[in-house]
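Here are my notes on this one, written for someone who will have the model open while reading. Please go through them point by point and check them on screen.

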Amino acid sequence: MIEFLLSGPDRLLPYLAVSAVLFSLGALACAIRRNAVGYLMGIELMLNAANLNFIAYGRFRTSEAAAQGQVATLFVIALAAAEAAVALGLVFAVFRTFRDVDLEKVRTLHGD
Amino acid sequence: MDSISLASLCLGAPLVAAVVGAVFWRKTSHVDLVSIAAQAIGAIAALAISLGVAAPATRTIPWLSFPGAKITFSLGIQLDALSVPMLLVVQFLALGVLVFSRWYLHNDRFYGRFFASFSFFVFAMTAVVVAPGLLQAFIGWELVGLGSYLLIGYWHDKAPASEDPEYQAGKPVHATGVNESKLNPAMAQLKAFVVNRVGDFGFVSGLAMLAWLVSSLPGFTGGDPLAWKTLFVAVGPVMASKAAFLGFTGAGLLTFAGLLVFLGAMGKSAQFPFHVWLPEAMQGPTTASAIIHAATMVAAGVFLTARIYPLLTPDALVAIQWVGAITAFVAATIACVQWDYKAVLAYSTISQLGYMMLGLGAGAAAGGYGAGVSHLYTHAIFKCMLFLGAAAVIHALHGVQDLGRMGGLARKMPFTAIATGIGTLAILGVPGFSAFWSKDAILAAAQTKVYLAQSVGDGVWAARIPWLLGMATAALTAFYMSRQWLVAFLGKPRDKHLWDHAHDPDKASIAVLLVLAALSLQFVWTGSVNPFSSGSWLDGVLRSPMAVKALPHELSHHIHLHTMGWTFALLCLGFGAAFWLYVSNPRKGGATATWLRRDPPTNLVWQFLANLWFVDKALDLVFAEGIARRGGRLVAKADLGSGLSMDTIVDNAVSSARWVGRFANLFQTGRSLAYAGWTLLALFGALALLLL
């Protein structure tokens with residue numbers, strides 16, 4: 001995998017690097033942010049990192065692969081929009097229940 | 001339509017009604033009409049078959065195939081001299097009982113469910129009746145068991161009798177031998193099922209043994225080894241074959257297999273000592289008892305015995321005759337001391353089933369086959385009617401079943417009294433009523449067997465004792481059945497308040513009772529108004545190839561006259577005793593007959609009978625308490641080697657499951673961020689595994 005990336009077609013590596021950084025930032029946000037909105041932004045970052053990968057791989061391979069990568073990206077964008085709607089709904093619900101969006105306070109999942 | 005399609009209607013219509021009823025009974029109470037309509041279709045189809053049947057018809061479809069062993073089990077429909085009358089009886093009685101149940105169970109909590117289970121029950125019994133082989137008979141047999149389970153436990157949430165105010169208010173003063181704390185519909189259905197399991201264990205072993213014996217014969221060329229025609233043709237070769245099992249060979253092996261199947265019949269047909277489930281089965285609605293006691297559940301055992309008749313060796317028949325005779329006698333003696341209206345009928349059913357087995361056991365040469373089978377049909381009709389009459393009486397008295405609180409009901413419910421009276425005369429075997437011919441035929445067959453035994457000089461007493469027990473039972477039957485009718489319907493009302501509110505059932509139900517009563521008259525069956533002329537007495541049955549007459553005509557005529565004379569004298573004796581004790585001499589005190597009346601029973605005979613010969617208690621002690629509970633504990637503690645026992649294995653399984661649970665519980669903190677963290681960790685862990 002690593003060898004393929006290094007010896008692969010020109011200019012793919014920078015895209016992948018950006019994507020990896022974006023993904024790591026998103027994951028980091030999910031790991032350390034206690035604010036629910038920040039957490040959601042982390043998820044969006046990870047999704048867009050994946051999108052960037054799709055486009056980049058498609059761009060530097062055959063035209064068919066380009067089309068596939070772009071279609072996949074469109075799907076992900078649509079999915080992300082839906083996810084954002086649901087997740088924001090959840091955030092509202094959390095805020096109504098706990099009067100806060102601090103996820104550290106959401107700790108009643110164990111039942112009693 | 002040919003007869004096979006008509007028979008499929010008898011089979012299919014109740015099944016459709018059962019499925020529809022099972023789905024919709026909570027939503028609408030009109031599933032009763034679905035069941036009745038389906039049953040009407042079935043009854044009409046059965047009537048058409050029995051009017052039009054000329055030649056036996058069989059159609060089978062292959063079902064389960066074992067190419068290696070060349071065995072293909074098949075299902076299907078077989079219509080012949082035995083199954084067609086039975087089909088008619090089942091379908092017709094089911095229709096009558098369904099119509100009656102509309103009145104009896106009106107506004108009940110589970111109203112629609114009764115009709116759904118009932119239709120299922122009829123479907124299952126039909127499957128047994130038309131079975132073309134032993135395997136389908138067994139499948140239908142088990143479904144019949146399930147149907148009876150559903151009907152007996154119809155009021156499944158009822159409290160035990162000891163805590164049920166309704167039962168306590170309606171029970172007889174001297175209800176002995178009944179363990180009230182264990183008496184409720186749920187326990188009764190369980191008991192019926194478990195007792196039948198014991199018998200069915202025998203059935204399925206016998207079935208497997210027969211399949212093995214027949215399919216390993218050199219002449220077996222493939223097909224269904226359990227189809228009746230294959231099975232019966234194989235009897236001779238099996239006797240001659242060298243197959244051995246547990247030291248039995250040849251005829252002994254066939255006796256063994258036949259008796260194993262008969263064990264199943266003993267369970268279903270409530271033969272001693274498996275009879276214990278039948279009286280408790282009355283925990284179900286009385287109309288369910290009407291069909292269980294007449295045409296379906298208990299009839300299945302006798303029917304099966306008649307079905308496998310060619311398989312039964314003379315030795316097996318001796319055992320069957322003894323079982324029947326003991327059952328008939330024991331149940332008749334118990335019925336004499338019952339004060340519960342339905343209990344008298346329940347024990348009379350057991351006793352009559354014993355009669356049928358007694359007849360079948362006498363052997364085809366003695367005319368026992370035709371006698372036993374015809375008694376199955378006649379008994380089904382009048383016992384169904386007697387139970388429907390019991391339903392009418394119990395309904396009219398608001399659940400009171402105590403004979404001691406009845407009396408004088410004939411004036412309040414004349415139609416019920418007339419119908420039940422005819423049924424009583426029929427079961428007594430009075431000339432002119434249906435059982436006169438069938439029951440006398442059984443006793444004559446038993447006596448013929450004695451003569452046959454004398455002519456070969458072997459097994460005379462083995463044949464004579466069942467015959468004597470049968471004769472004694474005839475007197476006892478006359479006593480307890482006329483006692484029941486006389487106490488309930490004649491005399492002065494013993495409970496004025498109950499009597500005031502008593503009434504006949506509605507018109508449709510009265511019609512059912514009267515039609516069944518009419519069918520309990522002898523000329524319907526013999527085709528002749530002269531009671532002493534056999535006329536066309538169940539032509540198909542008696543003229544079947546199995547009804548061979550082995551004795552010279554003169555002697556057999558003498559035996560029949562002799563039996564008629566004696567049974568008539570015995571029934572007069574029984575009736576006279578009942579009349580004298582309970583009608584002409586009811587309030588004169590004195591020591592003459594206190595032990596049969598309502599006075600506190602103290603003497604040993606009464607105690608013995610009222611405790612049901614201690615059979616229930618002994619079985620409970622040995623099996624329920626002894627083997628199941630104590631034995632279960634012993635088995636649990638037994639060492640399986642290296643210090644393991646059932647108990648420790650179970651304990652270890654439990655504690656390991658508990659530790660797994662505790663470990664998994666560590667992660668269930670309830671903190672949403674912790675969950676997110678675990679998810680991320682898993683994600684990156686998976687990624688790392690993939691890349692490295």
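1. Let's start where the two chains meet: the contact (heavy atoms within 4.5 Å) takes 15 residues from chain A and 12 residues from chain B. Before going on, keep in mind that this is a predicted model, where local features need pLDDT of at least 70, side-chain atom pairs count only at pLDDT 80 or more, and totals for chains, interfaces and linings use all residues. As for bookkeeping, residues are numbered from 1 along each chain as its sequence is written, chains are lettered from A and ligands numbered from 1 in the order in which they are written, and side-chain values use heavy atoms, with hydrogens and water left out.

2. How much area do chain A and chain B bury between them? About 1,000 Å², with 70% of it on carbon and sulfur atoms. Buried area here is the accessible area (1.4 Å probe) that two parts lose on being put together, summed over both.

3. On the polar side, chain A and chain B share three residue pairs in polar contact, both residues being at pLDDT 80 or more. That term covers a pair of N or O atoms within 3.5 Å; within protein, one must be able to donate a hydrogen and the other to accept it, and residues adjacent in sequence count only if both atoms are side-chain atoms. Helix α2 (residues 12-32) of chain A gives the most to the side of chain A that touches chain B, with four residues. Helices (H or I, at least four residues) and strands (E, at least two) are DSSP runs, numbered from the N terminus. By class, that side of chain A has nine nonpolar, two polar and four charged residues. For the classes, Ala, Val, Leu, Ile, Met, Phe, Trp, Tyr, Cys and Pro count as nonpolar, Asp, Glu, Lys and Arg as charged, and the others, Gly among them, as polar.

4. Which residues form the salt bridge between the chains? B:R671 pairs with A:E104, the closest N and O atoms being 2.9 Å apart. The rule (a side-chain nitrogen of Lys or Arg within 4 Å of a carboxyl oxygen of Asp or Glu) finds one salt bridge across this interface. A:E104 and B:R671 are also linked with A:R107 in a network of salt bridges.

5. Over all chains, the search gives 12 salt bridges. One of them joins the side chains of B:D80 and B:R307 at 3.0 Å, N to O. This pair links distant parts of the chain, 227 residues apart: B:D80 is in the loop between β2 (71-79) and α3 (83-104) of chain B, and B:R307 is in helix α13 (residues 297-307) of chain B. Buried means under 20% relative accessible area, exposed over 50%, partly exposed in between (1.4 Å probe, protein chains only). B:D80 is buried at 17%, and B:R307 is buried at 6%.

6. Another salt bridge has B:D157 and B:R109 meeting at 3.0 Å, N to O. B:D157 lies in the loop between α5 (134-152) and α6 (165-170) of chain B and B:R109 in the loop between α3 and α4 (111-129) of chain B, so the pair ties together parts that are 48 residues apart in sequence. B:D157 is partly exposed at 43%, while B:R109 is exposed at 52%.

7. On cysteines, the whole structure has zero disulfides (cysteine sulfur atoms within 2.5 Å) over all chains. B:C336 is buried at 6%, and B:C572 is partly exposed at 39%.

8. Have a look at B:Q321 too, in helix α14 (residues 314-335) of chain B. Is this residue buried or exposed? B:Q321 counts as buried, at 0% relative accessibility. Not counting residues up to four places away in sequence, B:Q321 touches several residues, including B:M357, B:L358, B:K449 and B:P466.

9. Finally, some backbone details. A cis peptide bond joins B:F272 and B:P273, with omega about 0°. B:P273 sits in the loop between α10 (250-268) and α11 (277-280) of chain B. B:A270 is in the loop between α10 and α11 as well, with phi near 55°, a positive value in a residue other than glycine. B:A270 is buried at 0%.
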